[in-house]
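Visitor: Please put the model up, and then we can go through its salt bridges, its sheet and one of its helices.

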Amino acid sequence: MRALLGVLACSLTVLSVHGLYSASDDVIELNPSNFNREVLQSDSLWLVEFYAPWCGHCKNLVPEWKKAATALKGIVKVGAVDSDQHNSLGGQYGVRGFPTIKVFGANKQKPEEYQGGRTSQAIVDSALNSIRALVKDRLGGKTGGSDHGRQSGGGAGNKKDVVELTDDNFDRTVLDSDDVWLVEFFAPWCGHCKNLEPEWAAAATEVNEQTKGKVKLGAVDATVHQGLASRYGIRGFPTIKVFRKGEEPEDFQGGRTRSDIVARAMDLYSDNIPAPKLQEILNEDVLKKTCEDYQLCIISVVPHILDTGASGRNGYLEVMKKMAEKNKKKMWGWLWTEAGAQMELEASLGIGGFGYPAMAAINARKMKFALLRGSFSETGIHEFLRELSVGRGSTSTVGGGALPKINTVEPWDGKDGELPVEDDIDLSDVDWNDDVGKDEF
């Protein structure tokens, strides 16, 4: 039970605690400032742990991780990222729970998920297997590796991913866009601008890939487009501004390396991403995909439409949408169904005894769930998730140890419910004679 609560705690909250490793350890501390240089530009094989200092499982891993680092010293690099302090790094590599271990091998841009045990022996064995595979690939002529990481130091990167901005296209391209923009104002003669150029280009390529174009990098030649430079008070070069639709531009706060720029861009991306969609459970695919794609899926069972009407139901769904918005950075899945529509799901979660609406938080990887026992309100749901995060919640195993069978149903049409109309019963052929059926003596 305590182990499960630890998993939920690691998945649900972020608290401010000091890191788990020190300079005296053989574990190399990584952050946005040194990650590119140490890991991505390295020819070494790296095992990198993404952890949160408040996470119980992360604390349990510390002695094993240190032992493995010492045993592998000079053979395989072992590092750790405090994702509490540097969450943008974890975001770049799809880290959703802690601890997460990634193997950066031949292709540093596509690390593999570590799937082995959490003992020092298991970690060392896995690392040695990975290093053998890496050596075998190199022997066969496959170099894979760290070329992309060197672009930021050597001046390549795809310059096409940096959008050229001018007096003519700036408002249309940047200010009218729903995307987030990082804009560099530069002067061609500026030495610092020349040093930034390859970093900016490499960051633009990576940010474009990581955010699917939702965060863009642009550049303005302020010596040519002086109107723009004057409008935004540019007095030195390079100056970087952050533009978000409907907001005043702000100065870029961060370093000027590729990894620094990417880290800040990912922070902006997570602030700007839309809340996950609240979906009705219409079939098995909806439940399975949501619960398998996300660390947690939050499921509500709302009362039957005849009990609440459309306005009452919309009120419950609006509460869920607001909670999804408030917790959007956690990337949880949000689902709902009508009471009685998915009886096997309700049974597997023990829903019904507490009335409707009901809510459950499911960790499909562990097949564990917790029930909302308080009020179905923003305050009540917030408290429910907070209680789980600090280990005070009660959890159980999903009935049957697997996601249940889901009925295929029609989506709610958004209207009030209607009582079913019963067919008139024709009694014309009934003989109402009281004597019928009586025995005669």
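Visitor: Which residue meets Lys216 in a salt bridge?
Guide: This is a predicted model, in which local features need pLDDT of at least 70 and side-chain atom pairs count only at pLDDT 80 or more, while totals for chains, interfaces and linings use all residues. Residues are numbered from 1 along each chain as its sequence is written, and side-chain values use heavy atoms, with hydrogens and water left out. A salt bridge is a side-chain nitrogen of Lys or Arg within 4 Å of a carboxyl oxygen of Asp or Glu. At 2.7 Å, N to O, the partner of Lys216 is Asp179.

Visitor: How many residues apart in sequence are the parts that Lys216 and Asp179 tie together?
Guide: Helices (H or I, at least four residues) and strands (E, at least two) are DSSP runs, numbered from the N terminus. Lys216 lies in strand 8 and Asp179 in the loop between helix 7 and strand 7, so the parts tied together are 37 residues apart.

Visitor: Is Asp179 buried or exposed?
Guide: Buried means under 20% relative accessible area, exposed over 50%, and partly exposed in between, with a 1.4 Å probe and protein chains only. Lys216, at 24%, is partly exposed. Asp179 has 16% relative accessibility and therefore counts as buried.

Visitor: Where do Asp178 and Lys245 lie?
Guide: Their side chains meet in a salt bridge of 3.0 Å, N to O. The pair links distant parts of the chain, 67 residues apart: Asp178 is in the loop between helix 7 (170-175) and strand 7, and Lys245 is in the loop between strand 9 and strand 10.

Visitor: What is the relative accessible area of Lys241?
Guide: The side chain of Lys241 forms a salt bridge with that of Asp251 (2.7 Å, N to O). Lys241 lies in strand 9 and Asp251 in strand 10, so this pair ties together parts ten residues apart in sequence. Asp251 is partly exposed at 41%, whereas Lys241 is buried at 12%.

Visitor: How many salt bridges does a search of the whole structure find?
Guide: Arg244, Glu247, Glu250 and Arg264 are linked in a network of salt bridges. For the whole structure, the search gives 17.

Visitor: Which are the edge strands of the open sheet of five strands?
Guide: Two strands pair if DSSP finds at least two bridges between them. The sheet has mixed pairing and the order 6-8-7-9-10. Strands that pair on one side only are the edges, here strand 6 (162-165) and strand 10 (250-251).

Visitor: In strand 10, which residue is the bridge partner of Val242?
Guide: Strand 9 (residues 239-243) and strand 10 run antiparallel and are joined by two bridges. The partner of Val242 is Glu250.

Visitor: How far apart are the end C-alpha atoms of helix 5?
Guide: The expected span of a helix is 1.5 Å times one less than its number of residues. Helix 5 (residues 120-139) has 20 residues and should therefore span 28 Å, which agrees with the distance found, 28 Å.

Visitor: Within what arc do the buried residues of helix 5 fall?
Guide: Ser120, Ile123, Val124, Ala127, Ser130, Ile131 and Leu134 are buried in helix 5. Because they line one face of the helix, their arc, taken from the directions from the helix axis to the C-beta atoms, is 130°.

Visitor: Which residues are exposed on the other side of helix 5?
Guide: The buried residues pack against strand 2 (46-51), helix 3 (56-71) and strand 4 (100-104), contact meaning heavy atoms within 4.5 Å. On the other side, the exposed residues are Gln121, Arg132, Lys136 and Leu139.
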